[in-house]
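Have your viewer ready and your selection tool at hand. We will go from stop to stop, and at each one you will select something and look at what is there.

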Amino acid sequence: MKKKKSLKGLGARYGIKIRKQYTKVHFTLKQKRTCPQCGSTRFGRDAVGIWSCKKCLYKVAGTAYDIKV
Ligand SMILES: [Zn+2]
């Protein structure tokens, strides 16, 4: 019997709802973003709620896991 692929970092002790949420958040964080200012893809989360561009140092406030659209 094949084992089901477990999601990185989380075991089976967590509920499926939490795991799904985690996956979504993780995916959102890892997603490549483009800087609204210079278009560089080196745009990412700097700290919780702060997103910044590594190239032009443009900073924007957002939520913990995503920038506001
Ligand atoms: Zn930039």
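A residue is called buried if 20 or more other C-beta atoms lie within 10 Å of its own, exposed if 12 or fewer, and partly exposed in between. Keep in mind that this is a predicted model.

Select residues 43–47, 50–53 and 59–61, which are strands 1, 2 and 3. They form an open sheet in the order 1-2-3, with antiparallel pairing. Strand 1 and strand 3 stand at the edges with a single partner strand each, so one side of each has no neighbour in the sheet. On average, neighbouring strands are turned by 35° against each other, direction ignored.

**Stop two: strand 2.** Which residues make up its covered face? Trp51 and Cys53 do, while Ile50 and Ser52 are on the uncovered face. In a regular strand the side chains alternate between the two faces of the sheet.

**Stop three: the partners.** Strand 1 and strand 2 are joined by four bridges, and Gly44 has Ser52 as its bridge partner. Strand 2 and strand 3 pair over three bridges. Here Ile50 is partnered by Ala61, and Trp51 stands opposite Val60.

**Stop four: the hairpins.** Between strand 1 and strand 2 there are two residues, and Gly49 in this hairpin has a positive phi near 90°. Between strand 2 and strand 3 there are five residues, and Leu57 in that hairpin has a positive phi near 65°.

**Last stop: Leu29.** Find this residue in helix 1, residues 16–30. Is Leu29 buried or exposed? Leu29 counts as exposed because it has 12 C-beta neighbours inside 10 Å. Beyond its neighbours within four places in sequence, Leu29 is in contact with Arg45 and Tyr65.

Technical notes. Residues numbered from 1 in each chain as written. Predicted model: local features only at pLDDT ≥ 70, side-chain atom pairs only at ≥ 80, totals over all residues. Contact = placed C-beta atoms within 7 Å. Pairing = 2+ DSSP bridges. Axes fitted to C-alpha atoms, helices over the stretch in contact; angles between N-to-C directions.
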